[in-house]
Amino acid sequence: AMSEEIFTQYLSELNEKCLDGFEFLATSSSKEYKVDIYRQYNEVTKLFTYKGYGELTNINPELVYSVYCDLEYRKKWDGYVNELYQIRDEAERSIIYWRVAYPWPMSHRDYVFERRSRIFERDGKQQWCILGKGLEDDSVKCPKNVIRVVEYEQTLAFEPTDSGGTKGN
């Protein structure tokens, strides 16, 4: 389960990056956005954890939140989505099924995960935090030739900029 402290942890990174053990990977930018991407290798899992810090100059946080949480809209703009829907909505979390059709040579993947989101008021400014974490849940069977991903985490914390955009991690 996700504790309330985890929300606070990610929100604190809006003002102070936490990059212990991470290496810089890339920067991407245009007039509309700038993002710096970092990664950390895990010797046990042999996988990378990625972090991004950036700014959307022309998009306000309310729109970011709305687009990010709208599963039906994601099906329209994310060409890799094969299937995406809410399995159930519980008191403070949604349980979501997401199947991704990656291009060759990657195998297709599916995820069952919980998503929690909170909106905070700090220093006279609203801040948003959305957390996703994989679950072992047999309510949706994994299709043949698809890899079920259980070890999955995703976080998004963001706030408005003084110029009407959004900054986040």
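The structure holds 18 salt bridges. It is a predicted model, and the mean pLDDT of the protein chain is 93, with 99% of residues reaching 70 or more. Confidence is lowest in helix H1 (residues 4–12), where the mean is 88, and highest in E1, where it is 97.

| Pair | N to O distance |
|---|---|
| Glu 13 and Lys 51 | 3.2 Å |
| Glu 43 and Lys 46 | 3.8 Å |
| Arg 116 and Glu 114 | 2.9 Å |

Glu 13 and Lys 51 form a salt bridge. Glu 13 is located in the loop between H1 and E1, while Lys 51 belongs to strand E3 (residues 47–56), so the pair ties together parts that are 38 residues apart in sequence. Glu 13 is buried, because its relative accessible area of 6% is under 20%. Lys 51 also counts as buried, at 18% relative accessibility.

The setting of the pair Glu 43 and Lys 46 may be described in the same terms. Glu 43 is exposed, its relative accessible area being 57%, whereas Lys 46 is partly exposed at 49%.

Arg 116 and Glu 114 are both buried. These two residues also belong to a network of salt bridges that links them with Arg 88, Glu 90, Arg 93 and Asp 137.

The surface also carries a nonpolar patch of about 380 Å², made by Leu 25, Tyr 41, Phe 48 and Tyr 50. Of these residues, Leu 25 is placed in strand E1 (residues 23–29). Leu 25 has a relative accessible area of 38% and is therefore partly exposed.

Key:
Residues numbered from 1 in each chain as written. Predicted model: local features only at pLDDT ≥ 70, side-chain atom pairs only at ≥ 80, totals over all residues. Heavy atoms only, no water. Patch = residues over 30% accessible without salt bridge, like charges linked within 9 Å, V, L, I, M, F, W, Y side chains within 5 Å. Areas by Shrake-Rupley, 256 points an atom, 1.4 Å probe, with all protein chains shown as cover. Salt bridge = Lys/Arg side-chain N within 4 Å of Asp/Glu carboxyl O. Helix = DSSP H or I, 4+ residues; strand = E, 2+ residues; numbered from the N terminus. Buried < 20%, exposed > 50% of the residue type's maximum accessible area, 1.4 Å probe, protein only. pLDDT = per-residue confidence, 0-100.
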